[in-house]
Amino acid sequence: MLVIYIDKQTNRLGYTINFIFKDLLKTDFMVTTSKETFIAEKGAKLSYSSEAVYDELHITPVSLLYETDISNVDVDFFEEDNIPYIFRTYNKEDVLNFDVFAAVFYMVSRYEEYLPFISDKHSRFSSDDSLAHQKGFLKKPVVDIWARILKEKLLERYPDIVFQDKHFSFLNTIDVDMAFYYKGKGLYRGVGGFVRDLLRRDFSSCMERIKIDFFGKKDPYDCFSFLQNSMTHNSLNTLIFYLMSLSSDYDKSISPYNTRFQLSIKDMADYAEIGIHPSYYVYEEPERFSYQAQLLKDIIHKSITKSRFHYIRFRLPESYRNLIDNEITDDYSMGYSDKIGFRAGTCSSFQFYDLDKDCETKLRIHPFAFMDVALKNGMRLNAEQAKQEIISLIDEVKKVEGEFVSVWHNESLSDYKEWQGWREVYETQIEYINKTK
């Protein structure tokens, strides 16, 4: 067992120690503020204190984890051997030359998102403002890398210390913003779309509508049988998020009262776990959330405990507090819609830490590595370029035995119009994961 000495116990420090040693490194540990107890214990020892105690591995802390306010901090960024670090320390006797606890906390608490920032056009924290993007390490799960470096140092000094094995895992997540391209939109939207296509002289779309509405042709966005086959054939752990709002400027959804849509949801619930995709305007009107979640619950007759915000539109801590108030246990929104990589610096799930209240919560955050629209629209990549980016991200997650979470939409798997050729990208991702397990 690892014994850890600290000068002072704080909520921030306790949260960080638990995350590193329980979740990431999976080793037994105890924490003490008593030097006498620390000295008397045998075996592996680590002190996180202003001064070393007695012949143990030592880390000198910066002040971040002993504070309770939120203010601009100097992260003191540097790189060594192509690995980025923050919160450099200068004690030559330290086992590391940076405060790994402060660094991990800064990233996973999303400290920078509590500081004043200029919102993007959707009132979100912009990926351009993130430290990871500005310093060029967004595509690296630095938190997991830092934890492994600490593990290596501990094993060098204490080879008998036991760490449980971690294994790479993959979670296939799908967002259903608009289940059907033509069907289920009602008379007004259907006729309006037909007229719009006529005015654009898009006669192929006009004919497509006629074939689907009157001659039984399958809707192009209805690729759910493909998903079912893929999930079954590849034994994919899959989570599907459904948008349950009426149509609006940013929620181009099928009415949640549409029978065809409800039957599709019921059908997919036999193959995958179902979560809620809170609509765009839940951001301003959080009371909409409970209504939308209840609609989905009534359809599948199961409790709804998992969520991902539409447009990844959320703000800390208010949006996550709303999830907690509505008995959501797991959120999958931690990522960007315009860039790929690790928004919180990690490919491992973690508990949401409410910085304003200075406490750990019961909400579990599951970061995703990429979203399809980030590859195509945000980064403007073609299908072949996207494959290479995805493979590179998978390799990064495999190195640290993390969880690889991808985000696709049913429309991107349709091979229809602007998404032509992207189903192959999805299949390449699955094939590469299966090949390298």
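Modeller: A patch is made of residues with over 30% relative accessible area and no salt bridge, where like charges are joined within 9 Å and nonpolar side chains (Val, Leu, Ile, Met, Phe, Trp, Tyr) within 5 Å. Areas come from the Shrake-Rupley method with a 1.4 Å probe. A salt bridge is a side-chain nitrogen of Lys or Arg within 4 Å of a carboxyl oxygen of Asp or Glu. This is a predicted model: local features need pLDDT of at least 70, and side-chain atom pairs count only at pLDDT 80 or more. Residues are numbered from 1 along each chain.

Colleague: Which residues form the nonpolar patch on the surface?

Modeller: Leu 246, Tyr 257 and Tyr 291, with about 360 Å² of accessible area together.

Colleague: Is Leu 246 buried or exposed?

Modeller: Exposed, at a relative accessible area of 55%. Exposed means over 50%, buried under 20%. Leu 246 sits in the loop between strand S8 (238–242) and helix H9 (259–268). Helices (H or I, at least four residues) and strands (E, at least two) are DSSP runs.

Colleague: New topic. What is the strand order in the open sheet?

Modeller: S2-S1-S3-S4, with parallel pairing. Strands S2 (29–32) and S4 (57–59) are the edges. Two strands pair if DSSP finds at least two bridges between them. S1 (residues 2–6) and S2 have four.

Colleague: Which residue in S2 is the bridge partner of Val 3?

Modeller: Met 30.

Colleague: And why is S12 largely enclosed?

Modeller: Because five of the five residues of S12 (residues 350–354) are buried. Four bridges join S12 to S13 (residues 359–365), running antiparallel.

Note on methods: Side-chain values use heavy atoms; hydrogens and water are left out. Buried means under 20% relative accessible area, exposed over 50%, partly exposed in between (1.4 Å probe, protein chains only).
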